[in-house]
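Open the model in your viewer and keep the sequence panel beside it. The stops below say what to select and what is there.

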Amino acid sequence: MNIQARAPIVAAALLCAFAVAPAGAQQSAAPESRADAPPSRWQAQVDSLDEAFRSRMLTANEPRANWIAGQLDQGDIASQVRHFAAARVAAPDNKLYLATLATACMQPVRPPLPDCESVDRLADWATRDRDNGWPSLLLADRARQRGNAESMLADLQQAAAQPRFAEYWEAGSLEIWEAVRAMPVEGEQAAKLELAVMYAMARSLAWPNAARATCMGSAERTAAVRAACAELGAAMRERGSTWMSRLIGGRMAVANAASVETKAVADKQLAFVRDRIAACSRSTASILDGLESADGAARARSVEQWDTWLRREATLGEARACEERVAATSTAPSKVR
């Protein structure tokens, strides 16, 4: 990761609370209005911490360190998968590690990687995380790529019926932050937070592309597929853990609306999601000022506020935690959906 190049967008990423733009490697990582933001005053410390952290993670062997090492080693899929598999085996009940290994093994590699060939990792995720819609969506896209229209439709319908859409992005952000913060290296806590943000920004997700390919691509969709996609989009919009999942779900519902009337309703509901994203950014903006403050006490308060916020996100999911925060910080009447 080019730490120097990412420095100007740290503040914008923080406005997104680590997860408003989780598909950062696939879409714009930060609002355009912040693209010309000045570099952080902590840039030199961030660079130094980055070097120390990478050395520490790449030589550690406990589950979290292996998972983070895989995130950092983005140029080598074989090394990534080895790290993710080590984390998955050492902590079999950790769904973040389960999901990460499954999505990493979706990448086409020749010859196939042993840790991906030994088990169908995507099916394993679906089996062990049954009430989560994401594995079924990814299975639908795999069926689409294999030309199995019947299985694709069944998997889309299965995904739409699930009560959760959790990519564990928030849990991953917290894992990174806790590891960076725990480094036995002297440094400004605000610099450590900025480093954790930049690591979080570098992660990518598989499900947005799967959602687009199965339900929003240019290829003709049958009436049954359009109906399943509309239902799935509505489910993602209402039950996605992150704002990205709710936003893409809203777009899916619009793209597959069965009539002018249902499209108008879907458009209105998508606008509501966008309104909530903006409200979330506003509710966290006040914390940002303290990170660049010359007052150490102000910086410490901001870091602790972000720590609290990340833990709440990891517990509730980004969207629900945001709605909770907005309700607590706003005196305006709630909008009716």
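Start by selecting residues 63-72, helix 4, together with residues 77-90, helix 5; in this predicted model the two pack at an angle of about 155°, with their axes 8 Å apart. Angles over 145 degrees count as roughly antiparallel, so helix 4 is roughly antiparallel to helix 5. The crossing of helix 4 with helix 5 is left-handed.

Now show the side chains where these helices touch. From helix 4, pick P63, N66, W67, A69, G70 and Q71; they meet Q80, H83, F84, A86, A87 and A90 of helix 5. Sorted by class, this contact holds seven nonpolar and five polar residues, and no charged ones.

Next, select residues 149-160, helix 10, and residues 223-239, helix 14.

Which residues of helix 10 meet helix 14? They are M152, L153, L156, Q157, A159 and A160, and their partners in helix 14 are A224, V225, A228, C229, E231, L232, A235 and R239. The contact of helix 10 with helix 14 comprises eleven nonpolar residues, one polar and two charged.

Finally, zoom out to the whole protein chain. There are 18 helices and zero strands. Of the 337 residues, 53% are buried.

Methods. Residues are numbered from 1 along each chain as its sequence is written. This is a predicted model: local features need pLDDT of at least 70, side-chain atom pairs count only at pLDDT 80 or more; totals for chains, interfaces and linings use all residues. Side-chain values use heavy atoms; hydrogens and water are left out. Contact means heavy atoms within 4.5 Å. Helices (H or I, at least four residues) and strands (E, at least two) are DSSP runs, numbered from the N terminus. Ala, Val, Leu, Ile, Met, Phe, Trp, Tyr, Cys and Pro count as nonpolar, Asp, Glu, Lys and Arg as charged, and the others, Gly among them, as polar. Buried means under 20% relative accessible area, exposed over 50%, partly exposed in between (1.4 Å probe, protein chains only). Axes are lines fitted to C-alpha atoms, for helices over the stretch in contact, and angles run from 0 to 180 degrees between N-to-C directions. Angles under 35 degrees count as roughly parallel, over 145 as roughly antiparallel, 65 to 115 as roughly perpendicular and the rest as oblique. A crossing is left-handed if the near helix is turned anticlockwise from the far one by less than a right angle, and right-handed if clockwise.
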